[in-house]
Amino acid sequence: MAENTKPRERSLPESELGRVISASDLIYSRPVVRSEEGIPVGNGRMGSLVWTSSNQLHLQINRVDVYANNCRTNSFVEVHDDYCGGCAFLDIEFEGNPFPESGFRQHLSVYDGTLTIDGAGVSIRIVLCMEQDAFAIVIDGNQASEQRVSATLRMLRYETKFFGRQTEALTEEHAMRVPHRSQIATSQLIEDNNRIALTQEFSEGDFCAKSAVAVAFQATSADAEILNDTGIRLSAAQAGSVTILVVSAATMDPDENPVSAAFRQLDAVSAQSVAELERQSQEWWHDFWAQGAIDLHSEDGTAEFIQQNYHYFLYLMAAASRGKFPPKFNGMLWNTGGDLRMWGAQHWFTNLSCYYAALPATGRFELMEPAFEMYSGMFDACEQAARQQWGSSGIYIPETSYFDGLEQLPDELASEMKELYLLRKPWEQRSDTFMDFAQRKHPYSSRWNWIAVGDWKDGKYVIRERGSGPYGPTSHMFSSTAKIAWLYWQRYEYTLDSEWLRERAYPVLRGAVEFYRNYPNLRKEEDGRYHMHSSNSGEPVFGVRDSFEDMVAMRSVTAAVLRAAEILNTDQQMRQTWREFLDHLAPLPTSTDTDALHPQDYHGPRIFVNGLKPAVKADRTPTGWMPDINSLPIWFFDLCNIETQDREAFALAQSTFDQLLRNGLDPKTPVGTLSMLAVAAASLGRADAVEILLPNQMRQQPDPRSLWYKKSGLLENRMTLGEGAQALHAEHLGRAAEALHRSLLQSNPPAPGEDPVLHLFPAWPRRWNARYTLRARGGFTVTATMRDGEIEHAELESHTGAVCRLRNPFPDDDVRLYRNSSPAEQLRGALLKFETSQGERILVRRLGTSRGVAPATN
């Protein structure tokens, strides 16, 4: 049953909600040193950082749906040179010097979604149009005298090159063409009736992508001027207030014209008053925050720091994740240096998961749609890749992939690739045809990740190999397929939307299981168990037996597909096959197994390990033989948590966690950007570790070894350049948000595919006070309060009418339920199980005390 989608009451009274969210505001009093420290604004599809120089306001308009190439490209063979997202530079210029070296206020209101800048003699508001792809830049100046304001659009790429007969035509059309091997990028400046535009078109073979940014002054006459080969300016002089409208559009349809679409949006936005645009924007943001928030307090201010960063993370996701594709982890919508960004235009799921694994508990499922749209959109390509590349069935979603998946290979080449990658054909016998084809492919694609980097020799780019045959860090990483399927499954678990399960989640779950089950190097052996051979266990370990990542993934995703098939009443015959497969999987590898992948001198407790020998390549770092700290699949897949009934596995998980913290735990324990340690601590109920790991992950201390600005430490905008040049990101905030959710509320099943059990404050430090509204699996919204180590309030709203299983928040006492404010049944015991009705609000109150009384609502 799908959840009831009627509007909910606000999680907090509006005045209080505003206070809580506003604690996350960004406030600057001077220009930033670097553009990367600008203030982020966006509507989920288009966005920019905003920064200043003495007389200019600077933006780079970026979009989530602009790509320079797709999976069939043969033009991007060097690392970091493929690109996406960027549309145009935009500079707003003023008379005088309104933005001095210090003493002017820049304020991002996270609650209102508005940026205000108060300079010398000028005040600016940037209003986001959440339904149209538009910004309104409202400029208030001196009422008594005119001020001249100009807006300049500049191209992101420029190259002087002769194009024969076309050269003159390009010049007359104010167009710039930049070839990149077979790919061509064409930018054009357009002047049209008091408005200007800059367009881009990328083409290679049958791929075409176009974008346009258009600018106009609202209700003000303006003058347009071509400045040079790469820039166009629109200027106006007016006393008092003037508004600049900025819109963008993009398409991958060669027959569509993004300029026409942009101009239509300009007309639509121009027809509305600034007051109306501001009202619509504020209303959208206030409704967004009303879906749920947290309110934290501690004596040392650490809890408030967590709260500040948490709501800021949600702001960034709302500003960047409402489009056709998810924002790239390396830059999101915040690039400021053109299309330069380390790691290029492909998507890494491990990085992307930092943003999206945290979202189900927020209830903001619309922010997850871009990721689902992308992966569902490449389903056919991934189905083909499973067959061509691996000789399997189902779907293969690689760890690293272009937005449209993997290209179709020529049959002969695919046949050879399959033999090479499955180790049936010696790597030394690969053909010249295979190598010639690989020569034109990007080394960050999982399919070609055995390529390291290359060198230019005599005008030809010659690739170098990593030296491990067909293996690279992501080449034989199969668990990403299952992790993506698991995210689909979680979306179902939180909503119980059977239509979503049938149409979206089930095909991906089924595809993931069938890929594993039919993978040629998975075999049932003499012990009657299915063993995995020659796969990677995360990025550090190549070609191991019974990879920890895969053995965990197979268990969880198979259990999920079995439950899904039962719910949908489908695949009756396959259920028996899947059950046999699940029941006969080899055990998870541990340090006491023969051939365990660990140092010979290891004498510690029994723990999980990354796999069994032989290994093509093993990580030589002190913890490299243990589960990858950046993925920790037992916690990604909820295989070990406080509800786990397998106590041996739970004890192993606790010991593994302790060994991963080999240097112990202290207030300065560092937590990496992608690290799952805080998530693991929360899942295990380790409040002592959460108290340190959670805020430390948000703090992201500078790395003395880093080459990047501020040594990859926190920037003024709370993001970092830890992924490299122009690769601005908030991955650390997303990972920490997931840990925060699991600390405050868990709704875990005892085992994958079983019914969830709700547990309030399972790993929350008792010295920190907390109040929250979060979503839980089973279709519930939970509002709860803890003060001075005691739970004071526990209330549930049932969106689907599902049965609720709740760990007694008051374990030493009986409780009474209040249904829609009326006294109902009395319950006792450690686990409370009770029926609910759709839309019902249920207060859980401790008997014999005033605790648990619902607060007044607005």
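Let me begin with Pro614, which lies in the loop between α14 (572–583) and α15 (633–636); helices here are DSSP runs of H or I with at least four residues, strands are runs of E with at least two, and both are numbered from the N terminus. What I am showing is a predicted model, in which local features need pLDDT of at least 70 and side-chain atom pairs count only at pLDDT 80 or more, while totals for chains, interfaces and linings use all residues. Residues are numbered from 1 along each chain as its sequence is written, and side-chain values use heavy atoms, with hydrogens and water left out.

Back to that loop. Lys613 and Pro614 are joined by a cis peptide bond, with omega at about 10 degrees. The loop between α14 and α15 also holds Leu632, which is not a glycine and yet has a positive phi of about 35 degrees. Leu632 counts as buried because its relative accessibility is 0%, where buried means under 20% relative accessible area, exposed over 50%, and partly exposed in between, with a 1.4 Å probe and protein chains only. Ser712, in the loop between α18 (687–699) and α19, likewise is a residue other than glycine with a positive phi, near 65 degrees, and at 11% relative accessibility Ser712 counts as buried. As background, most residues other than glycine have a negative phi, and most peptide bonds are trans.

Which residues touch the most other members of the largest nonpolar core? They are Tyr315 and Trp448, in a core of 259 residues; a nonpolar core is a set of buried Ala, Val, Leu, Ile, Met, Phe, Trp, Tyr and Cys residues joined through side-chain atoms within 4.5 Å. Helix α13 (residues 548–568) gives the most to this core, namely 13 residues. Leaving aside neighbours within four places in sequence, Tyr315 has contacts (heavy atoms within 4.5 Å) that include Pro40, Leu108, Trp285 and Trp289. Apart from this core lies another, of 18 residues, including Ala197 and Leu266.

Helix α1 (residues 14–22) has Leu17, Gly18, Val20 and Ile21 as its buried residues. Seen down the axis of α1, they fall within an arc of 165 degrees, so they line one face of the helix; the arc is taken from the directions from the helix axis to the C-beta atoms. Among the elements that cover these buried residues are α4 (274–290), β18 (294–297) and α5 (302–320).

A cavity is a set of points, on a 1 Å grid over the protein atoms alone, where a 1.4 Å probe fits but cannot get out, and lining residues have an atom within 4 Å of a point. The largest cavity has a volume of about 220 Å³, a volume being the space filled by probe spheres set on the points, which are joined across faces, edges and corners. Of the 20 residues that line the largest cavity, those closest to its centre are Ala357, Gln490, Tyr494, Glu738 and Arg742.

Finally, is Asp255 buried or exposed? Asp255 counts as exposed, because its relative accessibility is 73%, and its place is the loop between β17 (241–251) and α3 (258–270).

Note on methods: 1 Å grid on protein atoms, 1.4 Å probe; cavity = no way out; pocket = protein on both sides within 12 Å on 5 of 7 lines; lining within 4 Å.
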